[in-house]
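The following exercises concern the reading of a fold from a coordinate model. Please work through each task before consulting its solution.

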Amino acid sequence: MAKKSAIENNLRKQRLAKKFAARRKRLLDVANDQARPMEERFEARIRLAALPRNGAIIRVRNRCEVTGRPRGFYRKVKMSRIALRELGNQGLIPGLVKSSW
């Protein structure tokens with residue numbers, strides 16, 4: 001069996017996070033509501049723990065859409081610093097101005 005790339009794993013985590021977002025939010029609201037009885041809140045925590053771990057949005061890593069690099073990520077353009085520099089030097093990113101000092 002072929003090893004899955006980190007990019008594919010991250011995409012799978014994004015899909016799972018989107019799928020379970022509403023359920024996770026609902027359970028968290030119940031679990032954190034101090035007005036509810038302790039048993040109901042505890043049951044919500046148990047059900048929350050039963051959901052897949054990769055369904056949490058915190059498990060998704062920001063990755064460059066060009067190279068898949070996880071470090072040096074710029075959210076505004078969804079690229080790593082290296083890809084941003086290369087494409088910027090080629091003039092492929094509108095509004096990006098290269099400066100030097």
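The exercises below treat a predicted model, beginning with the overall fold.

**Exercise 1.** Determine the order of the secondary structure elements and judge whether the protein is spread out or compact relative to the globule rule.

*Solution.* Step 1: three helices and two strands are assigned. Step 2: read from the N terminus, these elements follow the order α-α-β-β-α. Step 3: the radius of gyration is 20 Å, whereas the globule rule gives 13 Å for 101 residues. The protein is therefore more spread out than a compact globule. Step 4: along the principal axes, the C-alpha atoms occupy a box of roughly 60 × 40 × 20 Å.

**Exercise 2.** Identify the residues of the largest nonpolar core and the elements that supply two or more of them.

*Solution.* Step 1: the core comprises seven residues, namely Phe20, Leu27, Val30, Ala31, Ala44, Leu48 and Leu51. Step 2: α1 and α2 (38-50) each give two or more residues to this core. Step 3: the greatest contribution, four residues, comes from α1. Step 4: beyond its neighbours within four places in sequence, Leu48 contacts Arg24, Leu27 and Leu28.

**Exercise 3.** Classify Arg26 as buried, partly exposed or exposed, and locate it relative to Leu48.

*Solution.* Step 1: Arg26 belongs to helix α1, which spans residues 6-32. Step 2: the relative accessibility of Arg26 is 47%, so this residue counts as partly exposed. Step 3: Arg26 and Leu48 are 22 residues apart along the chain, and their C-alpha atoms are 9.5 Å apart.

How values were computed: Residues are numbered from 1 along each chain as its sequence is written. This is a predicted model: local features need pLDDT of at least 70, side-chain atom pairs count only at pLDDT 80 or more; totals for chains, interfaces and linings use all residues. Side-chain values use heavy atoms; hydrogens and water are left out. Buried means under 20% relative accessible area, exposed over 50%, partly exposed in between (1.4 Å probe, protein chains only). A nonpolar core is a set of buried Ala, Val, Leu, Ile, Met, Phe, Trp, Tyr and Cys residues joined through side-chain atoms within 4.5 Å. Contact means heavy atoms within 4.5 Å. The radius of gyration is taken over C-alpha atoms; the globule rule is 2.2 Å times the number of residues to the power 0.38.
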